[in-house]
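Subject: Structure for your study

Dear colleague,

Please find below the structure that I promised to hand over to you. My notes on what was found in it follow directly after.

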Amino acid sequence: MIYTEWMKYIKDDVKLNRLVIPGAHNAGSYGMGGMAQCQDDNLFVQFQYGIRQYCLRLNTDRKGNIVLAHGISKGDLFENALKDIKKALELYPDEFILLDVREYYPQKFGPITLTYKADKNKVNALLKKYLDPEKNAYYDFDHISDVTVGDIRNSSKRFILINENEDYEYSKNCEQILPWEKAVNGAKAEKFVNETLRFFDDYKTDGLYWFQTQQTPNLGTEIGVTRPKKLDDDLVKYFHIMIDGIANTPRYLERSNIIAGDFMTRDYSKCSQILMLNFLKGNVKDELKDEYENGLKEQAK
């Protein structure tokens, strides 16, 4: 199935910051429910749908366990997420992932600032136990813009552990941007999918370009405080407008890189549309183009 092994179709000389990579926004929020839930399924299932970039935010539960977090909501054990990643990488040796891991960022509510903690030593111990970063993390590079798919393949490494402070052993502070504007990301679906495309003109980087395809519930916006699941129920009808806008605008297509969203395992349609951009960019090996294109279309039916 194309989605479990799509990276083997990609040319060696494709720069990582020009490879189109499906990502999962708040990848670890599965099972949280309500306002905190942004994904339906665990990381292994997400991998099977084509996700190769995961943002995992951490906190600590009352028992001292490192857990996945979305704000004040606490979810599955971080250990279980790492087990899922280990399983995926063992089953699919041609694939690699971008693993963006850090404590959940501080949140300010008026005079109150909420902070979230995940002991670095515990995180390192779990990473070592399940993913062995010393052996499997790709980190020996100066800038992410220098890295090609072939570089990672030839190194036999399996993932890049991204952390802006390099808090964890073998983690890397990769230049990346995640454009977000309260009014745009808080707009209703039909307006959002058109307005957000201008981010490709307004925000530029030589690093990883993390384009978000999900709205953000927020007070003072058009959508207000609405459950992400309900928002996505409406957004899926307009999702193709964002992808078509990228596909039909050469400068947007050239800059397209990480394209992340909510509820990425609803069906195969989101990842199918995203991965088809690699075909349009010329990222797919010539001899495998037909197999890649037909495989994506078939599964997405």
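In this predicted model, the side chains of His70 and Asn26 are joined by a polar contact of 3.3 Å. His70 is part of strand β3, which covers residues 66–70. Because its relative accessibility is 16%, and the limit for a buried residue is under 20%, His70 counts as buried. If residues up to four places away in sequence are left out, His70 touches Asn26, Ser29, Met32, Met35, Ala36, Cys38 and Tyr104.

The strand around His70

How much of β3 is buried? Five of its five residues are, so the strand is largely enclosed by the rest of the structure.

- Strand β2 (residues 53–60) pairs with β3 in the antiparallel sense over three bridges. Within this pairing, Asn59 has Val67 of β3 as its bridge partner. The two strands form a hairpin with five residues between them, and Gly64 in the turn has a positive phi of about 90°.
- Strand β4 (residues 73–77) also pairs with β3 in the antiparallel sense, over three bridges. Here His70 stands opposite Ser73 in β4. Two residues lie between the strands of this hairpin, where Gly71 takes a positive phi near 65°.

Helix α3

Helix α3 runs over residues 120–131 and has 12 residues. From its first C-alpha to its last it reaches 16 Å, close to the 16 Å expected at 1.5 Å a residue. Its buried residues are Val123, Asn124, Leu126, Leu127, Tyr130 and Leu131. Seen down the axis of α3, these buried residues fall within an arc of 165°, so they line one face of the helix.

Which elements cover the buried residues of α3? Among them are strands β2 and β3, already described above, together with α2, β5 (97–103), α4 (133–136) and β8 (159–162).

Both ends of the helix deserve a look. At the start of α3, a side-chain oxygen of Asp119 comes to within 3.0 Å of the backbone nitrogen of Asn121. After the helix comes Asp132, whose phi is positive, near 45°.

Helix α2

Helix α2 (residues 78–91) includes Leu89. Leu89 has a relative accessible area of 7% and is therefore buried. Apart from its neighbours within four places in sequence, Leu89 is in contact with Phe47, Glu95, Phe96, Ile97, Arg158 and Phe159. By contrast, Gln215 lies 30 Å from Leu89, C-alpha to C-alpha, and 126 residues from it in sequence.

Salt bridges

How many salt bridges does a search of the whole structure find? The search finds 21. Three of them are described here.

Glu79 and Lys129 meet through their side chains in a salt bridge of 3.5 Å, N to O. This pair links distant parts of the chain, with Glu79 in helix α2 and Lys129 in helix α3, 50 residues apart. Glu79 is partly exposed, at a relative accessible area of 22%, whereas Lys129 counts as exposed at 54% relative accessibility.

Glu181 forms a salt bridge with Arg198, and the closest N and O atoms are 2.5 Å apart. Glu181 sits in the loop between β10 (176–177) and α6 (182–185), and Arg198 in the loop between α7 (189–195) and α8 (199–202), 17 residues apart. Arg198 is partly exposed, with a relative accessible area of 27%. Both residues belong to a network of salt bridges that links Glu181, Glu195, Arg198 and Asp202.

Arg266 forms a salt bridge with Asp232, with the closest N and O atoms 3.0 Å apart. Arg266 lies in the loop between β12 (258–261) and α12 (269–281), and Asp232 in helix α9 (residues 228–235), so the pair ties together parts that are 34 residues apart in sequence.

Yours sincerely,
A colleague

Key:
Residues numbered from 1 in each chain as written. Predicted model: local features only at pLDDT ≥ 70, side-chain atom pairs only at ≥ 80, totals over all residues. Heavy atoms only, no water. Helix = DSSP H or I, 4+ residues; strand = E, 2+ residues; numbered from the N terminus. Buried < 20%, exposed > 50% of the residue type's maximum accessible area, 1.4 Å probe, protein only. Contact = heavy atoms within 4.5 Å. Polar contact = N/O pair within 3.5 Å; in protein donor to acceptor, adjacent residues only side chain to side chain. Pairing = 2+ DSSP bridges. Expected span 1.5 Å × (residues − 1). Arc of directions from axis to C-beta. Salt bridge = Lys/Arg side-chain N within 4 Å of Asp/Glu carboxyl O.
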